[in-house]
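Hi,

Here is the structure I promised to pass on.

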Amino acid sequence: MDAREMKIKAAAAALAHVEDGMRLGIGTGSTAEEFVRLLAEKVASGFKVEGVPTSERTARLCVELGVPLKSLDELPALDLTIDGADEVDPSLRLIKGGGGALLREKIVAAASERMIVIADESKLVETLGAYALPIEVNPFGLVSTRIAIEKVAARLGLSGDLSLRQSGDGEFTTDGGHHIIDASFGRIPDAEALSSELNSIPGVVEHGLFINMAALAIIAGPAGARTLQANR
């Protein structure tokens with residue numbers, strides 16, 4: 001089973017949790033897109049959902065495939081969000097934001113009664129941090145914000161390269177008009193402390209640590225999909 005087949009397995013297992021008439025947050029990324037394709041097949045056969053996309057990229061795919069969409073202002077309270085992750089630990093703490101949609105992903109997840117994460121088994125880790133942590137920042141005062149992030153990291157015993165994400169010939173810009181610093185800290189032994197410290201920096205709009213947000217993780221491997229509950 002190749003990587004895409006595993007993503008499809010995870011997406012199919014997540015679809016079983018979606019009930020007719022649900023208000024659904026729809027995530028961003030390659031695994032979430034497999035979910036959208038499967039969801040669209042059910043919608044075409046008469047299944048009713050109202051979706052809130054976490055990115056313009058997801059919105060375009062939903063429109064193309066016929067999945068009905070609303071804005072989060074129109075549907076401010078959601079039943080369920082299904083989204084991917086870049087890393088998942090045994091407590092279902094996540095690193096997200098590889099696709100650049102972490103702010104909207106976190107807003108949508110927080111507006112949902114439940115969040116289910118779908119991923120292939122390569123995303124499972126014992127400790128977060130092998131994947132660079134995306135930190136969404138305001139373009140104003142970018143150098144000052146970067147220095148503040150370095151100071152936070154030093155206080156927590158973390159180090160590593162802070163790279164401003166690029167796209168084409170310039171800086172990557174999120175749907176909200178912000179930039180992303182990818183922090184290659186390596187192992188993050190205290191994700192909660194790092195989350196709190198980053199939240200205290202005015203220039204940090206949001207970061208990719210999703211803590212106490214996922215209720216379930218559906219992880220696909222060669223043997224099929226399995227469901228993990230938080231070990232908290």
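In α2, residues S30, E33, V36, R37 and A40 meet R57, L61, C62 and L65 of α3 (contact means heavy atoms within 4.5 Å; helices, H or I of at least four residues, and strands, E of at least two, are DSSP runs numbered from the N terminus). Sorted by type, the residues of this contact are five nonpolar, one polar and three charged (Ala, Val, Leu, Ile, Met, Phe, Trp, Tyr, Cys and Pro count as nonpolar, Asp, Glu, Lys and Arg as charged, the others, Gly among them, as polar).

Bear in mind that this is a predicted model, where local features need pLDDT of at least 70 and side-chain atom pairs count only at 80 or more, while totals for chains, interfaces and linings use all residues. Residues are numbered from 1 along each chain as its sequence is written, and side-chain values use heavy atoms, with hydrogens and water left out.

As for the geometry, the axes of α2 (residues 30-44) and α3 (residues 56-65) come within 10 Å and cross at roughly 20° (axes are lines fitted to C-alpha atoms, for helices over the stretch in contact, with angles from 0 to 180 degrees between N-to-C directions). That makes α2 roughly parallel to α3 (angles under 35 degrees).

Now the inside. The largest nonpolar core has 27 residues, and V18, F35, L39, I82 and I118 touch the most other members (a core is a set of buried Ala, Val, Leu, Ile, Met, Phe, Trp, Tyr and Cys residues joined through side-chain atoms within 4.5 Å; buried means under 20% relative accessible area, with a 1.4 Å probe and protein chains only). Helix α2 gives the most to this core, with six residues.

Cheers

Conventions. Angles under 35 degrees count as roughly parallel, over 145 as roughly antiparallel, 65 to 115 as roughly perpendicular and the rest as oblique. Buried means under 20% relative accessible area, exposed over 50%, partly exposed in between (1.4 Å probe, protein chains only).
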